[in-house]
Amino acid sequence: MYCLTLIVFIVIIYNISCRSEIQLISYDEEDLSGSHVTFDTTIENYTVPVSGKCILTCYVAEVRSFKVLWQKIDRINLGENQTNGQQSQDEQLTLIAFDGIVYSNKDHYRLESDYVGSYNLIIDRVNEDDQGEYQCQINTEPRKTKRIFLTVQVPPRIVDFRPNPPLISIRSGISLTLLCRAEGTPLPNIRWRFRDIDMNRIESLPPDNSNIWFIPSIDKNFPHTVECIADNGVLPASNRIFTINVEYPPIVKINNDLIQSQLYQNVTIECSILSRPLAHIYWEKNGQIIEDNKINITQINQTMLINQLKIQMNNDNDFGQYNCIAENIHGRMETIVLVLKESIIVTTLTTKKLQRHSKYFSLRLNSSRKFLRSTTTTTTATRNVYIERDIYISSSSYRLWTYYRLKNLLFVLLLCQFKRINR
C-alpha cells in the first residue's frame, strides 16, 4: 500500500513538472519574439542648430528582460563603383549605450529615463560630427529598430581653396578674379556688394550665388572695398571684405595755366595730383629743380595731393614757364604754368562799333595815332608798350561830318560869288 501511494505521487509530480516546462518554453519563446513589447518604430527626422541641445526619443513599454541599445551609423563614400557607375558607401556602426550604460567616449551623450518606458538619448552641445542616422533597438528575435535621422544646421563659413590676400594692389587695366567659397548646412547662398559707394553701380555686380567674380579690366574708379556675404538662414551669416587698391600713373590738374603778376609781388601756383601710390612731386623752371622750401604739399586722401609753389617776383628772371612734375612707379606727368608780367595801360580814347543797314563804315584817323602816342603810356621796369587802335565812326556821325563840310564849301562858293559881284 505504501509503495502504491509513492508511485502515484511520483507520477503527479512528473506531470506537473512537464506542464511547467511546456509553459516555460512557450513563455520563453513568446519573450524572444517580443510580441507583448510595445515599441515605436516610426522613422523620425530632427533638425538642430550646431551647439544646441537635442533629445532623441525612444519609448519601450513592457520591456521585461529585454535590453535597449543606442547606436549611430556613419556612411562613408568609397567613390564611384566601376561596375554600375554609382557611389558606393560603407556603413560604420558606433555603439553609444546599452542597457542604461553609455559606452561612447563623447562626453556630450547621456541617457534620460524620466518616466516608465522612456529610453531617450540626450546630445548636449551638438556639433557637425553628430549629424547622421541613430538607431534605438531592442534585442528581440528579430530585433526591433527605431531610426532617427539628425541634421545639424551649421552657419556659413567662408573657406579659401585659393586664398585671396586681404589687401589687393593691382594696376588699372588688369583683369581681377575674386573668390568667395562657403561651407555650411544647408549650403549657403553667395552675394556681393560694394561697401563704399551707393547702389547705382549694382549692374556691375555678379549675379547672386556666384562664388567667382571675374573683372576683365579694372579701372581706377573701381570701389575701394568689396564685400562677399554667405547666408543659409542659420545665424550668424559670414562675410569677407576685399580691400582693392587700383594703382595708376599720376594725373596732374591745374586751375590756372596763365598768371599775370607785377614785380615785387608774391605769386602762388597750385596743382593737384591724383595717383596711387602717392606721387613724388617737384617743380622745375628752365630745367632747374626749385628748392623744397618754396613748396607746400597737402594730402587730401590716399590718392590726392595739392601742391603749392610760392614765389616772389624779384626780377624779370622770376617770370616765365614753371613745370609741375609728378612721378610714381607707374609713370610721370607734368603740366606747364606761365607767369607773365602784367601791363598797366591808360587809354584816353575808347572804341565804339555800331551797325546800321548791315553796312559798316570806318574811318582811320592818322591824327588819332599821334594823339594816342602822346597820351598813352605803359609803365614797366624794362620796356614801354604802345597800343594803336582803330576808331570806327558810325554812319550817323559820318553824315553829320559831311553836312558841315558841304556847308563850309557852300559858304566858300557864296563868298567867291560875292567877290565877283563886287568887282
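Modeller: What follows is a set of questions about terms, each answered for this predicted model.

Biologist: How many disulfides does the structure hold?

Modeller: The structure holds 3 disulfides. Counting bonded cysteines along the chain, their pattern is 1-2, 3-4, 5-6.

Biologist: What makes cysteine 58 and cysteine 136 a disulfide?

Modeller: The sulfur atoms must lie within 2.5 Å. In this pair the S to S distance is 1.9 Å, so cysteine 58 and cysteine 136 count as a disulfide.

Biologist: Why is the disulfide of cysteine 58 and cysteine 136 called left-handed?

Modeller: The torsion about its S-S bond is about -70°, and therefore the disulfide is left-handed. Cysteine 58 lies in the loop between β3 and β4, while cysteine 136 is in strand β10, so the pair ties together parts that are 78 residues apart in sequence.

Biologist: Which hand does the link of cysteine 271 and cysteine 324 have?

Modeller: That link is right-handed, with 45° about the S-S bond. Cysteine 271 sits in strand β20 and cysteine 324 in strand β25, 53 residues apart.

Biologist: How do you know whether cysteine 271 is buried or exposed?

Modeller: Buried means under 20% relative accessible area. Cysteine 271 has 1% relative accessibility, so it counts as buried. Cysteine 324 is buried too, because its relative accessible area is 0%.

Biologist: Why is the pair of tryptophan 213 and phenylalanine 222 called tilted?

Modeller: Two rings pair if their centres lie within 6.5 Å, and planes under 30 degrees apart count as stacked, over 60 as edge-to-face and the rest as tilted. Here the centres are 6.0 Å apart and the planes are at 50°, so the pair is tilted. Tryptophan 213 and phenylalanine 222 are both buried.

Biologist: What makes lysine 220 a charge over the ring of tyrosine 248?

Modeller: The distance limit is 6 Å from the ring centre, and the charge must also be within 35 degrees of the ring normal. The charged end of lysine 220 sits over the ring of tyrosine 248, 5.8 Å from its centre.

Biologist: Which residues touch the most other members of the largest nonpolar core?

Modeller: The core has 25 residues, and those touching the most other members include Cys54, Val60 and Trp70. Strand β11 gives the most to this core, with 4 residues. Cysteine 54 is buried, because its relative accessible area is 1%.

Note on methods. Residues are numbered from 1 along each chain as its sequence is written. This is a predicted model: local features need pLDDT of at least 70, side-chain atom pairs count only at pLDDT 80 or more; totals for chains, interfaces and linings use all residues. Side-chain values use heavy atoms; hydrogens and water are left out. A nonpolar core is a set of buried Ala, Val, Leu, Ile, Met, Phe, Trp, Tyr and Cys residues joined through side-chain atoms within 4.5 Å. Buried means under 20% relative accessible area, exposed over 50%, partly exposed in between (1.4 Å probe, protein chains only). Helices (H or I, at least four residues) and strands (E, at least two) are DSSP runs, numbered from the N terminus.
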